[in-house]
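Take a slow look at the chain before reading on. Follow it from one end to the other, then come back here for a guided walk.

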Amino acid sequence: MRARYEQQADAENHMPTMTRKELAELGWRIDRDGNPVRLSPTEPRKPHEKVDGFDSKLERDYAQHLSYLMAAGEVVSFNHHAIIIQYTPGNRYTPDFKVNYADGRVEIVEVKGHCREDDSIKCHAAAAIIKPWRVVMVQRRKGRWVRREF
């Protein structure tokens with residue numbers, strides 16, 4: 001289903017249309033009325049290319065780390081962008097990984113190069129919503145994965 005903005009642009013302005021995903025990659029979303037809205041007016045997002053199906057090299061490297069843990073028997077399974085958490089009306093969060101451990105634990109993992117305040121807010125909100133699971137932010141420091149639990 002195309003947004004009203006896309007339909008109007010196509011019919012009225014004869015402009016090329018963009019999907020919601022393409023708009024999001026450029027730092028925009030479509031509001032409830034079908035109008036484009038910048039995701040973050042103070043810090044526009046730059047489009048980036050996927051790295052082997054992941055959003056970043058760090059995510060790809062962490063997936064490789066999880067694969068090693070699977071081979072060692074510590075992790076049963078993991079999924080990339082497996083769930084979407086709606087933490088307030090109109091705001092949702094898609095964590096990087098859902099990890100199922102051999103001992104029965106389930107973790108939601110966010111991989112970050114550097115942590116901004118809004119990243120912490122999203123993780124705190126997610127932790128409050130999905131209480132039986134743990135929410136963890138991981139960062140690579142000096143070749144090691146550093147974990148911060150919420």
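## A walk through the fold

Glu 110 is buried, because its relative accessible area is 7%. Its side chain meets that of Lys 112 in a salt bridge, with N and O 3.5 Å apart. Lys 112 also counts as buried, at a relative accessible area of 19%; the cut-off for buried is under 20%. We will come back to charged pairs. This is a predicted model, so start with its overall plan.

The protein has 4 helices and 9 strands. In what order do the elements run from the N terminus? The order is α-α-β-β-α-β-β-β-β-β-α-β-β. Of the 150 residues in the protein, 31% are buried. Now consider contacts between residues with a separation of 6 or more. Of these, 40% join residues 24 or more positions apart.

Next, pick out helix α4, which covers residues 117-129. Its 13 residues, at 1.5 Å a residue, should span 18 Å. The C-alpha atoms at its ends are 19 Å apart, which agrees. An α-helix has 3.6 residues a turn, so residues three or four places apart point the same way. Which residues of α4 are buried? They are Asp 119, Ser 120, Cys 123, Ala 125, Ala 126 and Ala 127. These buried residues pack against five strands by name: β4 (85-88), β5 (91-93), β7 (106-111), β8 (134-141) and β9 (144-149).

Turn to the aromatic rings. A pair of aromatic rings is described by the distance of the centres and the angle of the planes. The structure holds 4 aromatic pairs. In one of them, the ring centres of Phe 54 and Phe 97 are 6.2 Å apart and the planes meet at 40 degrees, so the pair is tilted. Phe 54 lies in the loop between β2 (36-38) and α3 (57-71), while Phe 97 belongs to strand β6 (residues 97-101). The pair therefore ties together parts that are 43 residues apart in sequence.

Another pair joins Tyr 62 and Trp 145. Their ring centres are 4.9 Å apart and their planes stand at 80 degrees, so this pair is edge-to-face. Tyr 62 sits in helix α3 and Trp 145 in strand β9, so the pair ties together parts that are 83 residues apart in sequence. Tyr 62 is buried, with a relative accessible area of 3%.

Now for the charges. Side chains of opposite charge can pair when their charged atoms come close. How many salt bridges does the whole structure hold? A search finds 12. One of them joins the side chains of Arg 140 and Asp 61, at 2.9 Å from N to O. Arg 140 lies in strand β8 and Asp 61 in helix α3, so this pair ties together parts that are 79 residues apart in sequence. Arg 140 is partly exposed, at 36% relative accessibility. Asp 61 is buried, with a relative accessible area of 16%.

Arg 105 has two partners to look for. Its charged end sits over the ring of Tyr 101, 4.0 Å from the ring centre. Arg 105 also forms a salt bridge with Glu 107, whose closest approach is 3.5 Å between N and O atoms. Arg 105 counts as partly exposed at 32% relative accessibility, whereas Glu 107 counts as buried at 0%. Both belong to a network of salt bridges that links Asp 103, Arg 105, Glu 107, Arg 134, Arg 147 and Glu 149.

End at Arg 60, in helix α3. Arg 60 is partly exposed, with a relative accessible area of 27%. Leaving out residues up to four places away in sequence, Arg 60 touches Val 51, Asp 52 and Phe 54. Arg 60 and Val 111 are 51 residues apart in sequence, and their C-alpha atoms are 9.7 Å apart in space.

Methods
Residues are numbered from 1 along each chain as its sequence is written. This is a predicted model: local features need pLDDT of at least 70, side-chain atom pairs count only at pLDDT 80 or more; totals for chains, interfaces and linings use all residues. Side-chain values use heavy atoms; hydrogens and water are left out. Helices (H or I, at least four residues) and strands (E, at least two) are DSSP runs, numbered from the N terminus. Buried means under 20% relative accessible area, exposed over 50%, partly exposed in between (1.4 Å probe, protein chains only). Contact means heavy atoms within 4.5 Å. The expected span of a helix is 1.5 Å times one less than its number of residues. Rings of Phe, Tyr and Trp (its six-membered ring) pair if their centres lie within 6.5 Å; planes under 30 degrees apart count as stacked, over 60 as edge-to-face and the rest as tilted. A charge sits over a ring if NZ of Lys or CZ of Arg is within 6 Å of the ring centre and within 35 degrees of the ring normal. A salt bridge is a side-chain nitrogen of Lys or Arg within 4 Å of a carboxyl oxygen of Asp or Glu.
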